[in-house]
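Work through the exercises below with the sequence and the structure in view, and try each task before you read its solution.

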Amino acid sequence: MSTPLEQWVDSVARLTRPAKIMWCSGSEEEAARIQEQMIREGHTVPLNDKTYPNCHLHRSDPSDVARTEKVTFICTRDRENAGPTNNWMAPADAKNTLTPLFDGSMKGRTMYVIPYIMGPSASPQSRIGVELTDSAYVVANMRIMSRMGNVALARLGNSDDFVPGLHSLGDLSPDRRFIAHFPEEKLIWSIGSGYGGNALLGKKCFALRIASWMAHEQGWMAEHMLILGLEAPSGKVTYMAAAFPSACGKTNLAMMVSALENEGYRVWTIGDDISWMQIGPDGYLHAINPEAGFFGVAPGTNEKTNPNVMAALRKNTIFTNTALTTRNEPWWEGMDHNPPADMLDWQGRPWSSSSGPAAQANSRYTVPAVQTPSISPRWEDPGGVPISAFILGGRRARLAPLVYEATSWQHGVYIAATMASETTAATTGAVGVTRRDPMAMLPFCGYNMADYFGHWLEMGRNIPHPPKIFHVNWFRKGDDGKFLWPGYGENVRVLKWMLERIEGHAAATETPIGIVPTPDALTLDGLSVTRKTMEELLSVDPAAWTKEHADVGTFFQGFGERLPAELRDEHRRLGERLRRVPTGSK
């Protein structure tokens, strides 16, 4: 009698018609064979074995270098369950569209069966997925990013409790590229892309879009959040989870080298991207990192911005779309100040300074998490780590103070639901365009975001000891257009204030938007930031926030009557507080 998994594999094989089927065990020998296959296919090269042992550079098709949100669909029976922020397609229509594309798509190729665990192997919070793919590159990456192979099969047994994901490269045509999620079936179909989040189905597809639906149904949280531990001089570690939109320093914060390490404050890394959280027996939210590796953006990563990841990726790493030096080493913009001569660019062509960036702007590294020097001793704790704070962040040049605290869980959900970042000329050609990204989940929530806000509110009612909620903004600028706060390892000074707020002894003052530190509340020893600069960093301009309040009102209108009444109440109260502030005050 075949298992549910075997039956599904057989049905997919009949549709896609691969030349052979390979069940992945996750062994070292298998990994070596997969690497050899990638090299034979001609898009992957081994790197310098002395300086980057067991590392490879993969070059993807130039049309296939990023997540493709416009062809990413949530396929629910009721369109309203997908909500206004997702692309929707009826399940039957999606299958009618994609089935012909999968028909025979694996002819002449190997279909790899990748059973994997999202989360520590022994954790009850972990979940199992199985990806079927015709890409050796996907196999190699999934081996780093998940607990893959026999360990997952042993946990699954004969059960049908797994998330099935079907992926094929197809012909890599952007016109025949789709990433479809069927939350009601816990099913993922992806065709036409070999890139990262479109093809590594355990990552955004399962761990956020499908998992957020599961979490809503089952009473837990699947969030686009890093997880860190802040160790105090006493040795006690306080755990925090943080959500940031892209280009806001999320990975760098997760792996920060603390500027206060000499005073006994150290940052430990549990995860850099995704957090699954359930209420533990102690009444705290307990978080696990469902991933086993880091899939990070290379450009801008260097010894100053993220020394821990720079140390980690010197072995057992897959680089994607970086440049290649004559020493057979990867290189990207921002890695150092002097581009090496005679490089090949990310497409394998000779590069010169007049030919544009050498590395693709979205080039990546995939590295085992355990190699990071800052990895926490508890990063694979089966019970997860207790979360005492949520940190929300955005890039706001003039509006948001360096840090402020929500006055309640409900107020914190309002802050999270309205968080935003301003674009930069480097990424969009337009400066200062405000983009809302609630909880940094806008591209990743697998259902109606108004219901997702409601789920946050409901979780707050059910958590005996809910995390305090903070908002940070490392990117505030002065009148001269320069950043007021140094950032990077100095951000630990803000985390220290949060820790003191959690413990109940940090100086703060109430403002219309929330609780802000007094100018002398942060530890600034050894930092050349004046009191005047601190006052500017922590100031709240009622006129600017009144405009923000109006913009949020417009944003909320998009959710119609489905928006929770509690958020409408918080919005009204903020307006009332702003109106009570005397004109001209800050």
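**Exercise 1.** Sort the residues that line the largest cavity into nonpolar, polar and charged, and find which helix gives the most to this lining.

*Solution.* The lining divides into 11 nonpolar, 4 polar and 3 charged residues, where Ala, Val, Leu, Ile, Met, Phe, Trp, Tyr, Cys and Pro count as nonpolar, Asp, Glu, Lys and Arg as charged, and the others, Gly among them, as polar. This is a predicted model, in which local features need pLDDT of at least 70 and side-chain atom pairs count only at pLDDT 80 or more, while totals for chains, interfaces and linings use all residues. Residues are numbered from 1 along each chain as its sequence is written, and side-chain values use heavy atoms, leaving out hydrogens and water.

Next, consider the helices (DSSP runs of H or I, at least four residues, numbered from the N terminus). At least two lining residues come from each of α11 (409-417), α16 (542-557) and α17 (565-580), and α16 gives the most, with 4 residues.

**Exercise 2.** Which residues does Ile 387 touch, leaving out those up to four places away in sequence?

*Solution.* Take contact to be heavy atoms within 4.5 Å. With residues up to four places away in sequence not counted, Ile 387 touches Ile 227, Tyr 239, Met 240, Ala 241, Met 277, Tyr 284, Leu 285, Ala 287 and Pro 467.
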